Amino acid sequence: MSQTMQTEPDVDQASVPLLECRGVRAGYGDITVVRELDLAAAPGSVVAVLGPNGAGKTTLLTTLAGLLKAQAGEVRIDGSPIRAGQPAAASAAGVVLVPDDRALFTTLTVEENIRAARGGRSRDALDRVFGWFPALADRRRLAAGSLSGGEQQMLAVARALVQDPRVLLVDEMSMGLAPVIVEDLMPMVRRVADDTGAVVVLVEQHVRLALEVADRGLVLVHGEVVLDRPAAELAADPDTLERAYLGEGVA
């Protein structure tokens, strides 16, 4: 009697999100800040995470980066779960965080800052980053602390990119910068996603500028997603966006 071998059906990799959150709940001790958050993002996409102060945006990023252990739920990269509260596991999976304080070595030069982040990666990684940021290449021998605020933000992103992230988390890129500088920097987020295929999760208070470069926007209020739509749709409906920020019901 012959036996028929059964095989698992092929998985369409194009249908597997690069970044996926399933029911993520996060906070500090007994305090829950982010509640039952679901998120799925395809390669090369930009997700703008918006919301008022205290909504849980930074808590979400630190949880995705493994710096804060989720209280519940799961984070997956390419369909594989990463261990909660393990920054080394998140880093190994390709998750890189640009914190809102930039975390630069201010007494080291621009190039030394990037080399410190590069680790054992090839010289090509350094050259590629300088190709993205010619202004940094021109200042490569200057101390990071002597750069302008906009240049320091470029350097913070460059340090992240030299690590070849699959998921890039950017927390308040506009922090402390004049709006005109932010307008120059924000398109860089779109270019990074397009050129590298990484998912970029962007926490940003400059709502209009964030939505201009994002594919999708979600609004957090008191740790809950109250609005989740294509970025262009949100940008075209400021009244609904305002109601979401105020915690009012949205259709």
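The predicted model contains an open sheet of 4 strands in the order β2-β1-β4-β5, with antiparallel pairing; strands pair if DSSP finds at least two bridges between them. Helices (H or I, at least four residues) and strands (E, at least two) are DSSP runs, numbered from the N terminus. The edge strands, each pairing on one side only, are β2 (31–41) and β5 (80–81). Strand β1 (residues 19–28) is joined to strand β4 (residues 72–77) by 5 bridges in the antiparallel sense, and E74 in β4 is the bridge partner of R22.

Residues are numbered from 1 along each chain as its sequence is written. In this predicted model, local features need pLDDT of at least 70 and side-chain atom pairs count only at pLDDT 80 or more, whereas totals for chains, interfaces and linings use all residues, and side-chain values use heavy atoms, with hydrogens and water left out.

Helix α1 (residues 57–64) lies across β1, β2 and β4 and runs at about 115 degrees to β1. Axes are lines fitted to C-alpha atoms, for helices over the stretch in contact (heavy atoms within 4.5 Å), and angles run from 0 to 180 degrees between N-to-C directions.

The axes of helix α3 (residues 110–118) and helix α6 (residues 149–161) come within 8 Å and cross at roughly 30 degrees. Helix α3 is therefore roughly parallel to α6 (angles under 35 degrees count as roughly parallel, over 145 as roughly antiparallel, 65 to 115 as roughly perpendicular and the rest as oblique). The contact is formed by V110, N113, I114, A116 and A117 of α3 together with L155, A158 and R159 of α6.
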